[in-house]
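Here are a few exercises to work through with the model open in your viewer. Try each one yourself before you read the solution.

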Amino acid sequence: MSILLKNVRAVDDMKDFFCDIFIDNGKIMSIGKNISREADRIIDGGGRLIVIPGLFDMHVHFRDPGQTHKEDILTGCAAALAGGVTGVVCMPNTTPPIDSRETVEYILKKAKDTGVDVYPAACITKGMKGTELYDWTELGVKIISDDGRPVANGELMRRALEESVSNGLLVASHCEDLDIINGGIVNKGEASEKLGVKGMDRASEDSVTAREIALADSCGAHIHICHVSTKGSVGLIRDAKKRGIKVTCETCPHYFTYTEEKLLARDADYRMNPPLRTEEDRQAVLEAVLDGTIDCIVTDHAPHTAEEKADFEKAPNGVVGLETSLSVTLTQLFHTKKLPLIRIAGLMSVAPRKLLGVPVTRIEKGAKADLAVIDLDMEWTVEPEKLRSKSHNTVFKGEKLKGRVVTTISDGVVRYEL
């Protein structure tokens, strides 16, 4: 398929300019002004549509295998494409967990023709049980994590980090002390007190973040901290970076948008782990995104059925986010003049690919044609029932957002159109 994008504004992490883009055989063949070529598809941006590299979300849960009533690889990839996402890392807390070559191959085979590059994360410990490591090189993965359950044994985590240096793997940590959590379901503070439920103390996240940084420093390894949500963790990571420790991190749009006040409605769609926290934490996360302490924006896309989310106190944690992440980021950061598009492209497309060590997508001749076409000024209201994800537990339901993906191209093929 050949595609000619006319009169568009092209933005990646290095450049921002107006041009035409001609795509053929899955690649960007030419970039320039007034390109005149025959094409199977012509998309005229009218000088207002933005083209950025396809987003890369390095933290999603596709629930496949074993929990496909919530999501599967096909519906997860469809949701990704609707959000302009052309690459993902799917976390290993499936049933069974991703700790065998067979499970990795099953995921890759099912994802093959979706138009989304799916990279399975393997467990750090066998079965995510926290007791035994194994040879990840046999699995052919690029990232390991026990996301959903922290590795409680510090020596085991140190050994994993040590081995990651020679194996070339990225180690991603879900920073949570389960003894501190002790059954908590929302942030410990005013909201938990008003709701009369157990809270999740910030010290749970902060203490394990500090441990992971110390362990990585001890063996010269790279540690990636998942879904940062607290002022304390932000401070620890910022300081560690200044000291030259190999630490990177991510956050999600809900952590720089909302606070624990959302929980007062007793609606489990606002429950995730880590939880929405205080305004002080929200501001700290926002500042860390703006100053570069936080390396990338992800979703922690975690689908659950309406039935599972019906009981506020018993519901599982997690929210979907693939179809709203870019729009929320544009609404909160671009349209408020906090971040330019170049930085957003870096945070959501280029940086996560670099962290994972996979080919970086930029808008340049010869590059793979993975692109998201965006109408920056399109206003829309999030209607959960219209999401392409199999589950509709979005924290942004009913929100009016500004900026939306209208077309997603991967491997030079139009995979999604609004």
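**Exercise 1.** Is glycine 84 buried or exposed?

*Solution.* Keep in mind that you are looking at a predicted model. Start by placing the residue: glycine 84 sits in the loop between α1 (73-82) and β7 (85-90). Next, check its relative accessible area, which comes out at 0%. The cut-off for buried is under 20%, so glycine 84 counts as buried.

**Exercise 2.** Find out which residues glycine 84 is in contact with, leaving aside its neighbours within four places in sequence.

*Solution.* Look for heavy atoms within 4.5 Å. That search turns up Gly54, Leu55, Ala372, Val405 and Thr408. Now try a C-alpha distance: valine 406 is 322 residues away from glycine 84 along the chain, yet their C-alpha atoms are separated by 8.4 Å.

**Exercise 3.** Work out how helices α7 and α8 are oriented relative to each other.

*Solution.* Two numbers describe a pair of packed helices: the angle between their axes and the distance between those axes. For α7 (residues 231-242) and α8 (residues 279-291), the angle is about 30 degrees and the axes are 8 Å apart. Angles under 35 degrees count as roughly parallel, so that is the label for α7 and α8.

Then see who touches whom. On the α7 side you'll find Lys231, Val234 and Arg238; on the α8 side they meet Glu280, Asp281, Ala284, Val285, Glu287, Ala288 and Asp291. Sorted by class, this contact has 4 nonpolar and 6 charged residues, with no polar ones.

**Exercise 4.** Describe the largest pocket by its volume and the classes of its lining residues.

*Solution.* The volume is about 360 Å³. The lining is made of 17 residues, and those closest to the pocket's centre are Asn93, Gly148, His174, Asn273 and Asn317. Sort the lining by class and you get 3 nonpolar, 9 polar and 5 charged residues.

**Exercise 5.** Which element gives the largest share of the lining of the second largest pocket?

*Solution.* First get your bearings: the second largest pocket holds about 250 Å³ of space. Of its 14 lining residues, Pro150, Val151, Ala152, Glu176 and Leu178 are the closest to the centre. Two or more residues of the lining come from each of α4 (178-181) and α6 (202-219). The largest share belongs to α6, with 3 residues. To finish, the class count for this lining is 6 nonpolar, 2 polar and 6 charged.

Conventions. Residues numbered from 1 in each chain as written. Predicted model: local features only at pLDDT ≥ 70, side-chain atom pairs only at ≥ 80, totals over all residues. Heavy atoms only, no water. Axes fitted to C-alpha atoms, helices over the stretch in contact; angles between N-to-C directions. Helix = DSSP H or I, 4+ residues; strand = E, 2+ residues; numbered from the N terminus. Parallel < 35°, antiparallel > 145°, perpendicular 65-115°, else oblique. Nonpolar A, V, L, I, M, F, W, Y, C, P; charged D, E, K, R; others polar. 1 Å grid on protein atoms, 1.4 Å probe; cavity = no way out; pocket = protein on both sides within 12 Å on 5 of 7 lines; lining within 4 Å. Points joined across faces, edges and corners; volume = space filled by probe spheres on them. Buried < 20%, exposed > 50% of the residue type's maximum accessible area, 1.4 Å probe, protein only.
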